[in-house]
Amino acid sequence: MNRTTLSLIAAATALAAITGFAAVTAPDPTDPAASAKAAARLPVERSSLLCPAPSTSELAETVYTSFTPAGTAGAGTGGAAELAPSAAALADEAPADDEKKPDDEQPDGEESDSGATDDEAAGDAATDEDAAGDEAAGDEEKKPAADGTGTADPKPKPFLALKEPGKPVSGSNKTAEAPALVGTATGSLAPGWTAQQTTTITAGDSRALLGAACTAPDTDFWFPGASTDKSRQDYVHLTNPDDTAAVADIALYGKEGNLKSDRGEGVTVPARSSVPVLLATLTGEAEPDVTVHVSTRTGRVGAVVNASDDKAGGDWLAAAADPAPRAVLPGIPADATSVHLVAFAPGEDDAELKVQLVGETGTIVPTSAAAPLTVKSGMTAALDLGDLTKGEAGSLLVSPAEGGDQTPVVAALRVVRGKGTDQEIAFIPATGAVTERATVADNRAKGSTLSLTAPGETGKVKVTASAGSGGGEPAVKSYTVKGGTTQAVVPPVPGGLKGSYALTVEPESGGPVHAARTLALTQDGVPLFTVQTLPNDRGMVSVPATKEDLSVLK
């Protein structure tokens with residue numbers, strides 16, 4: 001048996017651990033039809049999610065919501081989806097019972113129910129690691145410590161446990177010591193598992209509404225839009241889901257290139273633990289616009305940036321979509337008073353970018369972006385777009401300028417609502433189109449806005465509002481988004497809603513549609529808000545067409 005066939009069998013074995021698929025065919029290079037066969041799309045059977053420690057403020061209240069969409073074909077039955085405190089939190093006292101409210105004691109829009117997102121199962125590394133971790137995840141016995149000595153703590157008691165697809169669960173934590181959460185979903189609860197944490201700080205200098213979709217572990221992340229300026233306190237949170245330590249490198253890039261420092265190299269993240277790193281401690285240079293690159297040498301982590309501004313609150317900055325020549329940044333509110341674009345070219349070539357606003361009536365080049373934005377290789381570039389929406393919700397489209405090269409870039413927006421001392425910031429990273437399914441949890445009866453953008457051809461999507469965490473009937477509505485426009489809609493609300501609910505977006509026909517959800521509330525005149533984009537939920541994995549029975553290898 002040659003090396004190629006052995007590799008294919010090894011890959012199929014890893015996939016079988018996740019999908020239950022136990023046969024593989026090595027492609028026949030002499031058969032043109034074989035290479036043209038489309039791979040089967042099957043639901044994942046295991047997903048991981050990581051939620052960062054939410055806030056150190058004594059005035060913070062964080063609501064966690066977990067959800068898995070119902071109706072995934074081939075998902076089977078059974079399984080579990082649990083979020084539990086990271087290992088670093090086990091030495092501390094567990095949250096008091098009254099800090100985790102049952103559903104019937106939650107105020108409307110802050111109920112208790114669970115659902116979460118899956119790993120990039122189609123990615124070889126994530127697939128293999130998740131497959132290898134299946135047995136370990138269910139093992140309650142102590143394991144070797146990350147440093148190779150003693151034993152690690154046993155599996156902690158779940159903070160949130162999802163019972164069934166289609167109905168979210170949520171719980172809250174009011175302590176300043178709320179830990180990072182590490183979660184795993186299996187069986188029917190794995191495909192499309194999504195979790196959201198939403199923190200409200202309603203008083204003090206740090207008042208803000210901070211929202212983050214809990215992230216799947218990976219090995220590479222880009223965060224344009226961070227800062228080491230004296231007015232900002234930005235931390236990158238690294239969370240390790242596995243039973244051995246991960247080692248990560250954190251690189252910072254400003255307007256002149258790499259902000260050299262050895263302090264960001266070889267950051268150890270212990271097993272099932274979370275480490276926050278203040279970006280300003282990695283460099284002596286105060287830069288208003290910084291791109292952060294997180295990569296792992298060993299293991300994998302979840303990564304997200306917590307950004308806090310002295311005058312404008314704060315929010316979580318999620319990782320941008322992978323570098324590409326074209327980027328869509330959906331969900332700019334109609335009443336945005338300031339929009340600031342940050343872009344970075346990670347390759348060897350410079351980029352000349354055309355910046356366009358995709359609004360409710362069409363796509364235009366705003367006056368603040370009349371000239372192309374030049375992004376030098378390895379350097380961070382920024383463009384202040386002002387109040388470009390002018391009362392009309394929109395999205396930003398970044399693409400190569402006329403005659404420019406197809407240079408890959410990463411991009412994000414810093415968006416401000418309000419004026420003077422009554423300002424609040426949020427971040428919108430570039431995000432891919434919804435090609436299969438995407439979900440966002442913790443939507444409220446009031447204050448939720450869904451932004452749908454079709455930067456090319458007209459596209460049609462189906463939006464499903466789940467049952468509420470405390471009760472209610474699902475609702476479904478379809479939207480047709482005209483090519484070159486953005487629709488900002490009040491999403492469907494479950495009938496008889498009690499608690500919060502999830503929104504699931506699926507394409508129906510036409511061109512690609514990008515989506516984002518804004519959650520907003522007003523506190524003492526300050527327009528608090530947070531924006532989460534909706535990338536694909538990665539609930540399905542491609543499996544090669546197969547015919548050879550691998551059971552003979554057992």
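Hi everyone. A word on conventions: residues count from 1 along each chain as its sequence is written, and side-chain values use heavy atoms, with hydrogens and water left out. Because the model is predicted, local features need pLDDT of at least 70 and side-chain atom pairs count only at pLDDT 80 or more, while totals for chains, interfaces and linings use all residues.

Let's start with the whole chain. The protein has 3 helices and 40 strands, taken as DSSP runs (H or I, at least four residues; E, at least two) and numbered from the N terminus. Of its 554 residues, 53% are buried, meaning under 20% relative accessible area with a 1.4 Å probe, protein chains only. Among contacts (heavy atoms within 4.5 Å) with a separation of 6 or more, 82% join residues 24 or more positions apart.

Now, the inside. Which residues touch the most other members of the largest nonpolar core? They are Leu329, Leu341, Leu385, Leu396 and Leu413, out of 31 residues. Such a core is a set of buried Ala, Val, Leu, Ile, Met, Phe, Trp, Tyr and Cys residues joined through side-chain atoms within 4.5 Å. Apart from it lies another core of 29 residues, including Val290, Val301 and Val305.

Last, strand 17, residues 290-298. It pairs antiparallel with strand 11 (residues 220-226) over 6 bridges; DSSP must find at least two bridges for a pair. There, Pro224 stands opposite Thr291. Strand 13 (residues 246-254) also pairs antiparallel with strand 17, over 7 bridges, and Ala251 stands opposite His293.

Note on methods. Buried means under 20% relative accessible area, exposed over 50%, partly exposed in between (1.4 Å probe, protein chains only).
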